[in-house]
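Please look through the sequence and the model below before reading on. The report after them goes through the chains one part at a time.

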Amino acid sequence: MAEIQIKNVAKTFGAYQALHDINLTIADQEFMVLLGASGCGKTTLLRIIAGLETATTGEVWIGGRRVDHLAPKDRGIAMVFQNYAVFPHLTVFENIGFGLRMAKMPNAEVTRRVERVASLMHIEQLLKRYSGELSGGQRQRVAVARALAMEPDVILMDEPLSNLDALLRLEMRAELKGVLAESKTTAIYVTHDQVEAMSLADRISVMHQGKIVQAASPIEVYRNPAAHFVASFIGNPPMNFLRAEPAGSGKWKVAGETVDGPVSAATPLQLAIRPEDMRLADDGLKARVKLVEPLGAHLLVTCDVDGTMIRAVLDSDLTVKVGDVLTLAPQPDRVRWFDPQSTLAVA
Amino acid sequence: MTAATDAPQIDARRSGRWLYIASVVLLCAWVLVPLYFLFINTLSSPETVNSFPKGFVPEFDFGSLRFFAGFQGMIDALYNSVLVAVLTMIMSILIGAPAGYALSRFDFRGKELFRMLILLTRAFPLPLLALPLAVLFIRVGLDDTVFGLALVHTTLAIPFAVLITFSLFSGIPIELEEAAWTLGCTRLGAFTKVVLPLILPGITASAIFAFVISWNEVFAAAVLTIENRTLPAFLLQSLAESPLHLKFAGGFILVVPALIFIFAVRKYLFAMWGIANR
């Protein structure tokens, strides 16, 4: 049982504030992904949980125990590093068994555990090799096996797949998800890759400039972004934004058209809509086509709507040419609204 | 048009290449020719050494070397040299390696200044320090001792020990240590179980380099010792009044071990100056 609680954690490096007052609870056995662009503080947060970095203020609790004053080895965690950190002077077997030996486990138990995780990660045949004789993918497997062998309460992963090539990454992603679900450990996974985040996470914490902007399930983050940053960061291509002027009693003027929107707000808002949530219709936004990108499964069309560039994902059977004027209707239940002042979502 | 512009370019490249080769040959000759003369004169009979013109092929006359083997005080001086060099080696690594580790792993105020100051210790000419040092050593009773001389040699060797180990530690990814910490190691445990095995060859090289610095050092050795002379100081004193062929042989005895050691650790010396190990 290992619930992780992060209470009011802040971190400064000299004058630079890397983390601002982070509060986050990660449930036992939950797979939490910290997602954000580089420099957003996600790795710093992970390293504070691991004990490789000390928080300037705040507390870290793992399994009901306050750990922020403990050394990494006393926190019940295991970590997988971006560059794998497989010890070059030890065999794969000794790498995986390193932590077990440090814990003074009997030889038989070390062998049993190493062989179990090795077969789990499909590296049984590599146990006698050194890291110099392994490919990147194999090293990654060794690094994960080494963490799993500890049977930790919490497994921490810092961009573990980012050094692998695209195909291998896809394969390892699926495998990691299966292995971690079976191991029943709490997992925190840092990545800048939103697809990785969406596919792995039980919950995603989107981070931006040292703050957690939204922590929710992948589909919630995708459908109901809590802030403009989340809406523009998640999704490829990202959400479209159009300026909306209030026209009274829940009506809004968007690019000359009148749209139903929030009743409460009276200042200009932004209408946000995902590219795949727009349909060709008789009635809607007038969009002049600027660029057509056929992507096989569908057609990605970049258009000019009243001076703002938006993208729409359309059926690949359509014949659309540059210069055409399309009438695009946003699906009403998929339209979201943001306040440009606070950048937060408006209901 | 293209032919006209290409020709001078090729010309320039060709002469540049000649200049490069000539410089390499000149530099090699500058180092190798004296060594070669030292070599053939050591292995020549006294008559050949003093005659002119000289042959370019050694005679393999071991008379001069045999003379040194039986020379009074020679063995004692050799023993002192090795003792001082070994002490220097141990002390400079024990002091230099932790400093190298700290420079590579920690950020602290004045780090850059500290790195520069390490090099600055080499900026003071030893003759300038010799007199105060000798006075100080006599006061505390370290004069004419092997340990006292080893202390001075350690001071000379430490900048190199620090810089070499700094580059060695910097070559070990911090993640390896961090991984060890998360797997149950203390800071010291991670160092002995992960870092030390990885840098041991480099540490050895750094130690050998300290050994060579001490082995070659003559000024402090000559000033600070009387009875317990090291080999260079001993030879300096004895060879001043020796015949030419013995001077050559003495020089040879001094140079060869140093050359062999330096050659053995050249890779790490290049690494110290940031040149890729090729």
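## Terms and conventions

Two strands pair if DSSP finds at least two bridges between them. The strands themselves (E, at least two residues) and the helices (H or I, at least four residues) are DSSP runs, numbered from the N terminus.

The model is predicted: local features need pLDDT of at least 70, side-chain atom pairs count only at pLDDT 80 or more, and totals for chains, interfaces and linings use all residues. Residues are numbered from 1 along each chain as its sequence is written, while chains are lettered from A and ligands numbered from 1 in the order in which they are written.

## Confidence

The model scores ipTM 0.84 and pTM 0.78. Confidence in chain B is lowest in helix α13 (residues 266–272), with a mean of 68, and highest in α8(B), with 93.

## Chain A as a whole

Chain A contains eight helices and 20 strands. Its C-alpha trace spans about 75 × 45 × 35 Å along the principal axes.

Of its 347 residues, 41% count as buried. A residue is buried if 20 or more other C-beta atoms lie within 10 Å of its own, exposed if 12 or fewer, and partly exposed in between, with the C-beta atoms placed from the backbone. Two residues are in contact if their C-beta atoms, placed from the backbone, lie within 7 Å. Among contacts in chain A between residues at least 6 apart in sequence, 63% join residues at least 24 apart.

## The mixed sheet of chain A

Strands of a sheet pair through backbone hydrogen bonds, either parallel or antiparallel. One open sheet of chain A has six strands in the order β6-β7-β8-β3-β9-β10, with mixed pairing. Its edge strands, β6 and β10 (211–216) of chain A, each pair on one side only. Neighbouring strands of this sheet are turned by 20° against each other on average, direction ignored. Helix α4 (residues 136–149) of chain A packs on the sheet and touches β6 and β7 (154–158) of chain A. The direction of α4 makes about 180° with that of β6(A); axes are lines fitted to C-alpha atoms, for helices over the stretch in contact, and angles run from 0 to 180 degrees between N-to-C directions.

Which strands does β3(A) pair with in the parallel sense? Strand β3 (residues 31–35) of chain A pairs with strand β8 (residues 186–191) of chain A over five bridges, in the parallel sense. Four bridges join β3(A) to strand β9 (residues 203–208) of chain A, and these two also run parallel. V33(A) has Y189(A) as its bridge partner in β8(A), and M32(A) stands opposite I188(A) in β8(A). In β9(A), the bridge partner of M32(A) is R203(A).

Five of the five residues of β3(A) are buried, so this strand is largely enclosed by the rest of the structure. In a regular strand the side chains alternate between the two faces of the sheet. In β3(A), F31(A), V33(A) and L35(A) point one way, M32(A) and L34(A) point the other way, and all are buried.

## The antiparallel sheet of chain A

Six strands of chain A form an open sheet in the order β13-β12-β11-β14-β19-β20, with antiparallel pairing. At the edges are β13 (257–260) and β20 (345–346) of chain A, each of which pairs on one side only. Strands β11 (residues 240–246) and β14 (residues 269–273) of chain A pair over five bridges in the antiparallel sense. A244(A) stands opposite L269(A) in β14(A).

## Where chain B meets chain A

Contacts link 14 residues of chain B with 19 residues of chain A. On the chain B side, the elements that give two or more residues are α8 (174–182) and α9 (187–216). The most comes from α8(B), with six residues.

Seven of the nine residues of α8(B) are buried, so this helix is largely enclosed by the rest of the structure. Among them are L176(B), A179(B) and W181(B). The buried residues of α8(B) pack against α1 (42–50) and β6 (77–80) of chain A, together with α9 of chain B. After α8(B) comes G184(B), whose phi is positive, near 110°.

Note on methods:
pLDDT = per-residue confidence, 0-100.
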